[in-house]
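Me: I am new to this structure and would like to understand the words used for it, and what lies behind each of them. Could we go through them one at a time?

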Amino acid sequence: MSPADRPPTAADRPLTLADYATAARPRFTPAVRDFLEGGAGDERTLAANTAAFDAVHLHPRVLAGQQAPDTTTRILGRDWAAPLAIAPMAYHALAHPEGEVATARGAGAAGVPLTVSTFAGRTFEDIAAAATSPLWLQVYCFRDRGVTRALIERAERAGFEALVLTVDAPRLGRRLRDLRNGFELPEGIAPANLTGDGFHSPGAHALAEFDPALDWSVLAWLRTVSSLPILLKGVLTAQDARRATGEGAQGIVVSNHGGRQLDGAPATLTALPAVAEAVDRACPVLLDGGVRRGTDVLTALALGADAVLLGRPALHGLAVAGADGVADVLGIVRDELTDAMALTGTGTVTDAGPALVNPALVTAGPARVRPAVAAPAGTGLRTRDLHASVSDPVLDTMNFLNEITTRYPDAVSFAPGRPYEGFFDTEQIFTYLRHYVDHLHQQGSTPEQIRTTLFQYGPTSGHIRELIADSLRKDEGIDVPPEAVVVTVGAQEAMLLAVRALITGPDDVLLASSPCYVGITGAARLLDITPVAVEEDEDGVRVDRLAAAIDAERARGRRPRAFYVIPDHSNPSGATLSLKARQELLDLAEREDILLLEDSPYRLVSPGERLPTLKALDRNHRVVHIGSLSKTLFPGARVGFAVADQPVTDETGRTTVLADALSKIKSMVTVNTSPISQALVAGMLLTADGRAGALNTATAAYYGDAMRVTLDALEDAFPPQERTALGVRWNEPGGGFFLSLTVPFRTDEAALTQAAEEFGVIWTPMAYFHPQGGGEHALRLSVSYLTHEQIKDGIGRLARFTSARAATNRR
């Protein structure tokens with residue numbers, strides 16, 4: 001094995017993947033060449049996979065009006081330049097001295113992920129330092145689970161973003177070429193992230209060290225080790241695909257590279273349509289095996305894949321030209337894919353469907369897109385002509401939460417997080433408005449000035465900043481000048497303004513406690529920002545996990561700027577941070593030089609003593625406090641606010657506060673918050689001497705009772721013995737609107753539809769609140785909107801549905 005001394009120049013670099021394979025061939029000894037070309041299977045595996053692609057024909061289209069096809073795709077919350085990633089392969093140093101480090105640079109240059117093998121020849125830390133695109137870790141489960149755990153924890157600390165569990169490896173096939181050659185790893189080539197003699201022989205490590213008795217429980221075990229999304233690699237049947245998604249897998253890789261190629265077993269492309277149909281878009285489906293051309297990628301997309309993994313060609317590129325060769329190979333495939341899309345009239349990767357291929361050759365998979373609505377004559381907009389966020393499922397979530405109750409009017413709905421309407425009185429609107437008008441008159445405003453205040457646009461930062469600042473001092477002990485307050489159209493606008501101001505480019509990072517309120521995820525997505533999730537435990541965010549996430553992002557060359565968190569009675573989990581955790585969070589923010597975006601809508605509507613807000617504890621301007629008067633006073637008024645007292649110094653040395661910057665952004669978004677809405681909530685505050693808490697004594701008691709009624713009803717509906725048998729559990733928040741229930745089945749839209757239609761109960765899937773995957777076996781219950789009798793009835797219906805769904809899953 002000897003890579004050439006001089007890599008090819010741009011002028012003589014190979015033009016196709018086949019050219020790269022030819023150029024790479026003389027750079028290896030016969031034994032190394034056979035090891036690399038054989039992959040993880042035997043000779044039959046690759047032949048079957050490539051033959052399946054050769055048998056499929058793509059249908060050309062003419063006059064399709066297609067200009068530049070868009071190859072970008074989004075997988076597990078990250079944007080890829082093409083539906084293409086590098087497959088896991090061991091020992092890249094066999095192809096190039098820099099090994100996986102050079103491969104990572106090449107993948108980053110191409111804008112696609114790299115899946116790093118457990119048997120990588122370079123350390124995870126070195127690979128991560130070179131990477132500029134996502135890294136996934138291919139995981140083998142060893143007999144010694146401690147070895148597997150240590151590998152995963154190390155990769156997660158280095159910034160890896162997903163786990164790819166190889167599930168067909170414990171029974172490796174006979175690699176005939178390696179047996180003939182008596183292949184052993186050359187001196188100096190060894191797994192850099194494993195220790196022990198058993199890991200240094202290509203055959204011994206699999207036969208002696210892998211756990212041969214893996215079952216589906218390994219997924220649950222992996223979730224106790226890591227919060228990263230888990231993809232299963234090696235799925236070839238619809239039955240296994242359905243089981244995988246039911247067990248919580250967040251991705252499927254159709255692959256026969258584990259050496260399990262039985263006589264008559266399917267090639268990956270042949271198995272793909274049935275797997276994709278079984279998954280039915282519940283999670284990404286990727287294909288690994290036999291991809292050698294851009295047309296192969298489009299064929300896989302047409303038959304149900306969301307992306308493909310490219311293996312041996314990447315090593316050929318690495319052997320010929322190092323990182324540049326890897327990037328070039330990936331670029332060739334992307335260019336070929338672009339040409340194929342143009343010739344078939346395929347505008348985006350999501351437009352690819354079974355109609356593109358010959359149905360007689362491979363059974364067609366499921367349609368990848370919803371049926372299009374015919375556009376009126378004279379219009380030409382398609383989804384791809386709009387911002388990518390409009391196709392993101394997170395933007396459907398808010399409408400779902402607000403509208404699903406009306407779809408099933410006879411169902412008991414635990415979905416909407418709305419205030420209870422029994423406290424509203426229409427006549428109060430006029431009373432509150434009059435209070436504010438009287439207040440203005442008492443402050444010396446003339447009738448003409450009052451008319452202008454109510455009827456005109458008004459200042460962007462708001463008319464009632466002084467009243468809000470006064471209320472914060474009295475209710476929360478937050479002492480800030482009115483100039484640090486911006487009155488917004490609900491807390492949602494405050495989030496958008498803060499994120500827009502703080503995240504200045506692709507290297508800036510917004511972190512969010514997960515599960516998190518969908519509003520922050522959606523606001524970020526509108527701005528082409530993908531939040532980095534920091535998983536909560538039952539008591540809320542763990543500061544050590546946040547610190548690890550910050551370190552991981554910095555290791556990737558990115559700059560963490562802000563962390564979004566709801567410290568009190570969080571939406572959706574209901575968790576509340578302890579006083580100790582709040583102080584640790586502030587200390588971490590100071591130490592790591594980040595800001596905390598504190599969202600605080602549920603404090604004043606919760607019973608009992610309140611812990612101080614982060615902003616009340618803030619002594620170093622580390623907290624941007626986001627508040628809402630919707631839950632506490634008047635949801636229809638849509639009035640929120642941001643408290644942003646952070647000093648901002650411009651190039652001339654002039655210092656203002658962050659609130660001024662938020663106001664400038666707001667002036668281009670909503671211009672100002674409705675003066676009538678501001679007048680109404682101001683009038684409410686004035687009736688209680690500015691104390692919003694005093695206006696919520698009765699409501700806080702009501703919501704506290706509603707939470708207790710819900711918890712009691714759950715205890716009655718799920719007695720301890722039955723609860724244990726079913727695997728049902730829930731948390732017990734001390735306030736707020738929400739709690740989380742864990743169940744033994746996947747809480748997807750199919751389950752929700754069954755619950756609404758057959759049992760008359762509605763809930764919200766917790767997966768909606770996990771920006772990077774998770775929550776597939778949990779649901780959110782909102783207790784705020786219902787009467788106590790409705791709660792009891794609804795929990796009974798939920799219990800009957802849960803038992804029925806669990807029984808169906810067992811069958």
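Reply: Let us start with Lys 615, which is buried, with a relative accessible area of 5%. The model is a predicted one, and every value here is computed from it.

Me: What makes Lys 615 count as buried?

Reply: The term applies under 20% relative accessible area, and Lys 615 has 5%, so it is buried. This residue is found in helix 22, which spans residues 614-617.

Me: Which residues does Lys 615 touch, leaving aside those up to four places away in sequence?

Reply: Lys 615 is in contact with Ile 478, Val 480, Glu 598, Val 623, His 625, Val 643, Asp 645 and Gln 646. Each of these counts as a contact because heavy atoms lie within 4.5 Å.

Me: How do you know how far the predictor trusts the model, and where is the pLDDT below 50?

Reply: The mean pLDDT of the chain is 86, and 85% of its residues reach 70 or more. The pLDDT falls below 50 over residues 1-11, a stretch that has 20 contacts in the model beyond near neighbours in sequence. It is also below 50 over residues 259-264, where the model has 16 such contacts. Where pLDDT is low, the predicted coordinates should not be read in detail.

Me: Why are Asp 79 and Arg 74 said to form a salt bridge?

Reply: The cut-off is 4 Å between a side-chain nitrogen of Lys or Arg and a carboxyl oxygen of Asp or Glu. The closest N and O atoms of Asp 79 and Arg 74 are 2.9 Å apart, and the pair is listed as a salt bridge. Asp 79 is partly exposed, with a relative accessible area of 45%, and Arg 74 is partly exposed as well, at 27%.

Me: Why are Asp 470 and Lys 474 described as separated by about one helical turn?

Reply: They are four residues apart in helix 17, residues 465-476, and therefore about one helical turn separates them. Asp 470 forms a salt bridge with Lys 474, the closest N and O atoms being 3.0 Å apart. The structure holds 37 salt bridges, and a network of them links Arg 78, Glu 161, Glu 553, Arg 556 and Arg 558.

Me: Why are strand 12 and strand 15 called edges of their sheet?

Reply: Eight strands form this open sheet, in the order 12-19-18-17-16-13-14-15, with mixed pairing. Strand 12 (485-489) and strand 15 (540-541) each have a single partner strand, so one side of each is left without a neighbour in the sheet. Within the sheet, strand 16 (residues 559-565) and strand 17 (residues 595-599) run parallel and are joined by four bridges, and Tyr 564 stands opposite Leu 597 in strand 17. Helix 21 (residues 579-592) packs on the sheet and touches strand 16, strand 17 and strand 18 (623-628), its direction making about 145 degrees with that of strand 17.

Me: How do you know that strand 23 is largely enclosed by the rest of the structure?

Reply: Five of the five residues of strand 23 (residues 738-742) are buried, so the strand is largely enclosed.

Me: What makes strand 23 and strand 26 a pair?

Reply: Pairing needs at least two bridges. Strand 23 and strand 26 (residues 778-782) have five, in the antiparallel sense, and Leu 741 stands opposite Leu 779 in strand 26. Strand 22 (residues 729-730) also pairs with strand 23 in the antiparallel sense, over two bridges, and the bridge partner of Arg 729 in strand 23 is Thr 742.

Me: Which residues touch the most other members of the largest nonpolar core?

Reply: In this core of 101 residues, they are Leu 232, Ile 252 and Leu 272. Helix 13 (residues 312-343) supplies the largest share, 15 residues. Apart from this core lies another, of 35 residues, including Ala 713 and Trp 730.

Methods
Residues numbered from 1 in each chain as written. Predicted model: local features only at pLDDT ≥ 70, side-chain atom pairs only at ≥ 80, totals over all residues. Heavy atoms only, no water. Core = buried A, V, L, I, M, F, W, Y, C linked by side-chain atoms within 4.5 Å. Buried < 20%, exposed > 50% of the residue type's maximum accessible area, 1.4 Å probe, protein only. Axes fitted to C-alpha atoms, helices over the stretch in contact; angles between N-to-C directions. pLDDT = per-residue confidence, 0-100.
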